[in-house]
Amino acid sequence: MRIVVQEAPFDLGAETSRFAEGHKDQGAIVTFTGLVREDGGMARMEIEHYPGMTERAITKIAEEAVTRWSLGDTLVIHRFGPMQPGEAIMMVATAAPHRKDAFEAAEFLMDYLKSRAPFWKKEIGPDGSDWVAAKDEDEDALDRW
Amino acid sequence: MDILYFAWVRERIGLPKEKVETGARNVTELVEELKAREPRYAAAFEDISALRVALDQELSDFDASLEGVREVAFFPPMTGG
């Protein structure tokens, strides 16, 4: 299990290749990458986080995934700070003997990272800035697990 | 105890962190103490259903006890991912 919280951009290809190496007993790798989407003329995004709690919360979520699914490995990288549209905000990767576990665990990680990891997104546009509001559907998404 | 504020809670109160001496037994009592201080606190804590609280970096509830707690954080619902 590898959890990374950093300000710097990450290399999606390099991270995925590195994660995929040396897993002879795993038949499936699923990766998900979240990008900054250019919504309504947004110029940039800024992500604030809670140093210390962020790493603890993500570790707890990843450990829960390991107990629920048969996983060979998990990776979560999540950035904070300023970023431009098109940049990668975060990625998760899961390795499992079979694809069903890898897909489900990746979705579980994403659902929980959305509303249980202490990050807050702010969108900055030509007319000012706004904190992104959490959606009810993101909270509801946790019920299925 | 240390109190931390994040996102728009931090902006409304105007600082990210402060040390507070309090006799509050639970989070709700602490919130009432803070609200009584100044209008900027009252504005930030106007609707606590829009807020979340963490005690020593674990997500918690407003009726939770503060006994032994060293760090309290207030913030809006999280928007990670």
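Helix α2 of chain A passes helix α3 of chain A in a right-handed crossing, a crossing being right-handed if the near helix is turned clockwise from the far one by less than a right angle, and left-handed if anticlockwise. The model is predicted: local features need pLDDT of at least 70 and side-chain atom pairs count only at pLDDT 80 or more, whereas totals for chains, interfaces and linings use all residues. Residues are numbered from 1 along each chain as its sequence is written, chains are lettered from A and ligands numbered from 1 in the order in which they are written, and side-chain values use heavy atoms, with hydrogens and water left out. Helices (H or I, at least four residues) and strands (E, at least two) are DSSP runs numbered from the N terminus.

The two helices of chain A, α2 (residues 53-68) and α3 (residues 99-116), pack at an angle of about 155°, and their axes are 10 Å apart. The axes are lines fitted to C-alpha atoms, for helices over the stretch in contact, and angles run from 0 to 180 degrees between N-to-C directions. The angle therefore makes α2(A) roughly antiparallel to α3(A); angles over 145 degrees count as roughly antiparallel, under 35 as roughly parallel, 65 to 115 as roughly perpendicular and the rest as oblique. On the side of α2(A), the contact (heavy atoms within 4.5 Å) is made by A:A57, A:I58, A:I61, A:A62, A:E64, A:A65 and A:R68, and on the side of α3(A) by A:F108, A:L109, A:Y112, A:L113 and A:R116. Nine of the residues in this contact are nonpolar, none is polar and three are charged. In this division, Ala, Val, Leu, Ile, Met, Phe, Trp, Tyr, Cys and Pro count as nonpolar, Asp, Glu, Lys and Arg as charged, and the others, Gly among them, as polar.

A nonpolar core is a set of buried Ala, Val, Leu, Ile, Met, Phe, Trp, Tyr and Cys residues joined through side-chain atoms within 4.5 Å. Buried means under 20% relative accessible area, exposed over 50% and partly exposed in between (1.4 Å probe, protein chains only). The largest such core has 34 residues, and those with the most contacts inside it are A:Y50, B:Y5, B:F45, B:F74 and B:F75. Two or more residues are given to this core by each of β1 (2-5), α1 (7-13), α2 (27-37), α3 (39-44), β3 (52-55) and β5 (71-75) of chain B. Residues up to four places away in sequence not being counted, B:F45 touches B:Y5, B:I13, B:V31, B:L34, B:K35, B:L51 and B:F74. Another core, of 30 residues, lies apart from the largest one and includes A:V30, A:V36, A:F108 and A:L109.

In chain A, A:R44 is located in strand β3 (residues 44-49) and is partly exposed, at 30% relative accessibility. Beyond its neighbours within four places in sequence, A:R44 is in contact with A:M83, A:Q84, A:P85, A:K122, A:E123 and A:I124. The C-alpha atoms of A:R44 and A:A93, 49 residues apart along the chain, are separated by 26 Å. The loop between β2 (28-35) and β3 of chain A holds A:E38, an exposed residue with a relative accessible area of 57%. A separation of 30 Å is found between the C-alpha atoms of A:E38 and A:G52, 14 residues apart along the chain.

In chain B, the loop between β3 and β4 contains B:D56 and B:Q57. Although not a glycine, B:D56 has a positive phi of about 45°; B:Q57, also not a glycine, has a positive phi of about 70°. B:D56 is partly exposed, with a relative accessible area of 24%, whereas B:Q57 is buried, at 18%. B:E67, in the loop between β4 (58-60) and β5 of chain B, is exposed, with a relative accessible area of 73%. B:P39 belongs to helix α3 of chain B and is exposed at 68% relative accessibility. The C-alpha atoms of B:P39 and B:R12, 27 residues apart along the chain, are separated by 9.8 Å.
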